Amino acid sequence: MSIYIYGFIISSIMIACSERVVKKQRWILVLPALLIPCIIAGFRAQIIGTDTEGYLVPMIKAALSAKNFEVYLSSKWFRIWRYLVVKDYEIGFSIIVYLITRITHSIFAVQFFIQLLTILPIYLAVNKTKYSNCICVFIYYFMFFNGSLNMIRQMVAVSFCLLAIVYLSEDNVKKFIVLSFIAFLFHYSAVLIFLISYIYKFVQSNKKNHNFNMCFVIILSILCVLSINIIIKILPIIGLGRYINYLIGSSGGLHFMPLQFLIRLPIIVLFLVNWNKLKIKEKNLSFYFTMLSLDTVLSQLISINSYSGRITVYFSIFGILSYASLYKNAKYKYLTRLFLMIYLIFYWWYFNVLSGINATVPYLTM
């Protein structure tokens, strides 16, 4: 467990120091800072993160033994109750695993590079904002890093989605489309980026209607979750039938999960307490609060299927920016900052150490 904490703190301190250096020279500190989580990810054992053992390591072994790329795509392995095939996974992810494996013949290199593909777009995204890079990276470490060792493909996709939305906020549509396409190549669920982009434009479109549009989206999301059975029937019609399994479970359907609400409640309260100040200082306030609310509402899908909760990461990832905005612009600045630090550390401890979600604690090397 200590390797995570030491790595998070050392990397965050180095990035904090880089913000005090001339911009052209920041890479001297930023580069090794970003390599720290990549090294931690690279050296992990295959049992760290259920998806690592589930498909990443078998794909690496398939790449090592295959005579060519075509044979690699046809490679299969047995997992729990069925055979899995490389070609069933997103082509972008499959190509990356194949190339890095064939070049390096190293599991470490593949795991290292995949984490680099996750954290680099996130750093590029936060570096384009007005927030502290150090705080943003700190938030990523304590909220998302351990999840990235498990939801491997999806976290790469999510990181590119975050960067895409940052470019969209600058009206750079071309880069938004390119980054969205890259995200889709790593996980098909990245199609949600188009819904998020629409929400962004809708909520931010008119300053006078910000709050109304925000409330409309939040209420609509609640109605959608309550109408999950109807959505299940619609998905095959619009070509998204492969995602039905995310919305079907054996738990008896949707029911209220108090913990999922309570764990997000402190941040919701912080936003509401500091709302008037944030309304002046933060232009994306309505969008950030909408994402926080959607994350809260959609987290209830965990009651249907444990994999359903993974959908929320496309919304919760914006916490990297919204929490950083709270840290910078809150009315009760020092109290808010102290609370945020305590909250993030507790969040990491509760979900990764106490609950064992993502299967990443204790840390073991390969």
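This is a predicted model: local features need pLDDT of at least 70, side-chain atom pairs count only at pLDDT 80 or more; totals for chains, interfaces and linings use all residues.

Colleague: Fine. How does the radius of gyration of the protein chain sit against a compact globule?

Modeller: It agrees. For 366 residues, the rule gives a radius near 21 Å, and the protein chain has 20 Å. Along its principal axes, the C-alpha trace spans about 60 × 55 × 45 Å.

Colleague: How many helices and strands does the protein chain have?

Modeller: There are 19 helices and two strands.

Colleague: What share of the residues counts as buried?

Modeller: Of the 366 residues, 52%. Contacts are worth a look too. Take those with a separation of 6 or more: 72% of them join residues 24 or more positions apart.

Colleague: Let's zoom in. At what angle do H3 and H5 pack?

Modeller: About 55°, with the axes 9 Å apart. H3 covers residues 50-65 and H5 covers residues 91-104.

Colleague: Why call them oblique?

Modeller: Roughly parallel needs an angle under 35 degrees, and roughly perpendicular starts at 65. The angle here is about 55°, so H3 and H5 are oblique to each other.

Colleague: Is the crossing of H3 and H5 left-handed or right-handed?

Modeller: Right-handed.

Colleague: Which residues meet there, H3 against H5?

Modeller: H3 brings Tyr55, Leu56, Met59, Ile60, Ala63 and Leu64. H5 brings Phe93, Ser94, Val97, Tyr98, Thr101 and Arg102. Sorted by type, the residues of this contact are nine nonpolar, two polar and one charged.

Colleague: New topic. Where is Thr290, and is Thr290 buried or exposed?

Modeller: Thr290 is in helix H16, residues 285-298. Thr290 is buried, because its relative accessible area is 0% and the cut-off is under 20%.

Colleague: What does Thr290 touch?

Modeller: Ile199, Val203, Met214 and Val217. That leaves out residues up to four places away in sequence.

Colleague: And Asn274, where does that lie?

Modeller: In the loop between helix H14 (265-273) and helix H15 (275-281). Asn274 counts as buried, at 1% relative accessibility. Setting aside neighbours within four places in sequence, Asn274 contacts Leu326, Ala330, Lys331, Tyr332 and Thr336.

Colleague: What about Asn358, what is its phi?

Modeller: Near 80°, again a positive value in a residue other than glycine. Asn358 is in the segment after H19. Asn358 is buried, at 16% relative accessible area.

Colleague: Is the peptide bond from Val361 to Pro362 cis or trans?

Modeller: Cis, with omega near 5°. Pro362 also sits in the segment after H19.

Colleague: Last one. How exposed is Gly356?

Modeller: Partly exposed, with a relative accessible area of 36%. Gly356 lies in the segment after helix H19 (333-354).

Methods. Residues are numbered from 1 along each chain as its sequence is written. Side-chain values use heavy atoms; hydrogens and water are left out. Axes are lines fitted to C-alpha atoms, for helices over the stretch in contact, and angles run from 0 to 180 degrees between N-to-C directions. Helices (H or I, at least four residues) and strands (E, at least two) are DSSP runs, numbered from the N terminus. Angles under 35 degrees count as roughly parallel, over 145 as roughly antiparallel, 65 to 115 as roughly perpendicular and the rest as oblique. A crossing is left-handed if the near helix is turned anticlockwise from the far one by less than a right angle, and right-handed if clockwise. Contact means heavy atoms within 4.5 Å. Ala, Val, Leu, Ile, Met, Phe, Trp, Tyr, Cys and Pro count as nonpolar, Asp, Glu, Lys and Arg as charged, and the others, Gly among them, as polar. The radius of gyration is taken over C-alpha atoms; the globule rule is 2.2 Å times the number of residues to the power 0.38. Buried means under 20% relative accessible area, exposed over 50%, partly exposed in between (1.4 Å probe, protein chains only).
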